[in-house]
Amino acid sequence: LACQTVEEMLELPDPDIDIAYGNLLIGKWYEADIKVHDYLAQLDGMAAELRSRIGGKRDPDQIVRLINSYLFEEKGFIAEAEPYNKDFLLHDLLRTKRGRCSALVALYMGLAERVGLPMASVCVPQHIFVRWHQTDRTSGGLWRIPATSADRTAPHSNIETTKRGTALPDEIYRQRC
């Protein structure tokens, strides 16, 4: 990767920013000696495993269940309730398998970017989660846009990483905010 600092990365157009790499660069502010490329290799390996398991599947609900099972059951990642000074950083999550919402979202998004899944992170006051963004098959995307707004609350539209990838409706986040 060409960028060596967060500042250099922030100069890139948004589509060119690698969320996981950016989080790892931020981690160097806290631990200057972390091996960023080792963590990227770990993430790339995880993405390759997921890509293989996803194969030709196109059902978002099925894919999210597969990712959740992989991360939270097989790999053993755990959401921490009590904060400490580094629990928001991806390198610390990859090392300890424990972290807060921001580290879990960075992991989820880093994998989604590498696998090519239409996901985005969503920030609400004092929290962050992942949302599956569906695109229209007629415009070249792989995923369908629900026809009605009621369909837009499909089981895995919102992915709550602090609850092992549980699907939560928009209303839960509205109530929290």
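Me: A crossing is left-handed if the near helix is turned anticlockwise from the far one by less than a right angle, and right-handed if clockwise. Which of these is the crossing of H3 and H6?

Reply: The crossing of H3 and H6 is right-handed. A word on the model before we go on: it is predicted, local features need pLDDT of at least 70, side-chain atom pairs count only at pLDDT 80 or more, and totals for chains, interfaces and linings use all residues. Residues are numbered from 1 along each chain as its sequence is written, and side-chain values use heavy atoms, with hydrogens and water left out.

Me: Why are H3 and H6 called oblique to each other?

Reply: Helix H3 (residues 36-54) packs on helix H6 (residues 101-115) at an angle of about 60°, and their axes are 9 Å apart. Axes are lines fitted to C-alpha atoms, for helices over the stretch in contact, and angles run from 0 to 180 degrees between N-to-C directions. Under 35 degrees would be roughly parallel, over 145 roughly antiparallel, 65 to 115 roughly perpendicular, and the rest oblique. The pair of H3 and H6 is therefore oblique.

Me: Which residues of H3 and H6 meet?

Reply: With contact taken as heavy atoms within 4.5 Å, the residues of H3 that meet H6 include Leu40, Asp44, Leu50 and Arg51, and those on the H6 side include Leu107, Gly110 and Arg114. By class, the contact of H3 with H6 has nine nonpolar, one polar and three charged residues. Here Ala, Val, Leu, Ile, Met, Phe, Trp, Tyr, Cys and Pro count as nonpolar, Asp, Glu, Lys and Arg as charged, and the others, Gly among them, as polar.

Me: What makes H2 and H6 oblique as well?

Reply: H2 and H6 pack at about 140°, with axes 7 Å apart, and they are therefore oblique to each other. Ile19, Ala20 and Asn23 of H2 make the contact with Ala106, Met109, Gly110, Glu113 and Arg114 of H6. That contact has four nonpolar, two polar and two charged residues.

Me: How many helices and strands does the chain have?

Reply: The chain has seven helices and six strands. Helices (H or I, at least four residues) and strands (E, at least two) are DSSP runs, numbered from the N terminus.

Me: What makes S3 and S4 count as a pair of strands?

Reply: Two strands pair if DSSP finds at least two bridges between them, and S3 and S4 have six, in the antiparallel sense. One of the partners is histidine 127 in S4, bridged to valine 124, while alanine 120 stands opposite arginine 131 in S4. The hairpin of S3 and S4 has two residues between the strands, and in it glutamine 126 takes a positive phi near 60°.

Me: How many bridges join S4 to S5?

Reply: Two bridges join strand S4 (residues 127-132) to strand S5 (residues 158-160), and these strands run antiparallel. In S5, asparagine 158 is the bridge partner of arginine 131, and isoleucine 159 is the partner of valine 130.

Me: Why do S3 and S6 stand at the edges of the sheet?

Reply: The open sheet has four strands in the order S3-S4-S5-S6, with antiparallel pairing. Strand S3 (119-124) and strand S6 (166-167) each have a single partner strand, so one side of each is left without a neighbour in the sheet.

Me: What lies across S3, S4 and S5?

Reply: Helix H4 (residues 60-74) lies across these strands, running at about 135° to S4. H6 also lies across S3, S4 and S5, at about 25° to S4.

Me: Why is S4 called largely enclosed?

Reply: Buried means under 20% relative accessible area, exposed over 50%, and partly exposed in between (1.4 Å probe, protein chains only). Five of the six residues of S4 are buried, so S4 is largely enclosed by the rest of the structure. Of the 177 residues of the chain, 43% count as buried.

Me: Does tryptophan 29 count as buried or exposed, and how do you know?

Reply: Tryptophan 29 has 55% relative accessibility and therefore counts as exposed. This residue is found in helix H2 (residues 19-30). Tryptophan 29 touches Val6 and Glu7, not counting residues up to four places away in sequence.
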